[in-house]
Amino acid sequence: MKCYNHHERDAFGICQICGKGLCLECMDKDRDVVVCANEHKRSALYNFILNSLFIIVAIVCFVSAYNDNFDWFRIVLGILSLSIGVDGFRKAKRK
């Protein structure tokens, strides 16, 4: 298999995210798994922002439910948002 970016070079690994063959120059050496060097950093930032927003929505729901005599819809929405945000961070940490 050849490198996805450098067609003349042999691939030394396969990206665990997208499955592309990578030479030593294209691999991200700072991580424990083989991934493309620059391709997936933007998606990691996007996931961090998205998971943070879920947690912020959860906090807003809990505070507004507390101030509004425990509105159950807001409490359930807060619990769902919090679980989605925390689960997203947990999955991102495993990668």
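Modeller: Here is a short walk through the fold, the surface and the salt bridges. Keep in mind that this is a predicted model.

Biologist: Which elements does the chain have, and how do they run from the N terminus?

Modeller: There are two helices and two strands. The order is β-β-α-α.

Biologist: What share of the residues is buried?

Modeller: The chain has 95 residues, and 25% of them count as buried.

Biologist: Which residues make up the nonpolar patch on the surface?

Modeller: L45, F48, I49, L53, I56 and V60. V60 sits in helix α1, residues 41-67. V60 counts as exposed because its relative accessibility is 51%, and the cut-off is over 50%.

Biologist: New topic. How many salt bridges are found in the whole structure?

Modeller: Three. D10 pairs with K2, with the closest N and O atoms 2.9 Å apart. D10 is partly exposed at 44%, and K2 is partly exposed at 43%.

Biologist: And what does R9 form a salt bridge with?

Modeller: One partner is E25, at 2.7 Å between the closest N and O atoms. R9 lies before β1 and E25 lies in the loop between β2 and α1, so the pair ties together parts 16 residues apart in sequence. E8 also bridges to R9, at 4.0 Å.

Biologist: Which residues end up in one network, then?

Modeller: E8, R9 and E25, joined by salt bridges that share partners.

Biologist: Is E8 buried or exposed?

Modeller: Exposed, at 60% relative accessible area. E25 is exposed as well, at 52%, while R9 is partly exposed at 32%.

Technical notes: Residues numbered from 1 in each chain as written. Predicted model: local features only at pLDDT ≥ 70, side-chain atom pairs only at ≥ 80, totals over all residues. Heavy atoms only, no water. Helix = DSSP H or I, 4+ residues; strand = E, 2+ residues; numbered from the N terminus. Buried < 20%, exposed > 50% of the residue type's maximum accessible area, 1.4 Å probe, protein only. Patch = residues over 30% accessible without salt bridge, like charges linked within 9 Å, V, L, I, M, F, W, Y side chains within 5 Å. Areas by Shrake-Rupley, 256 points an atom, 1.4 Å probe, with all protein chains shown as cover. Salt bridge = Lys/Arg side-chain N within 4 Å of Asp/Glu carboxyl O.
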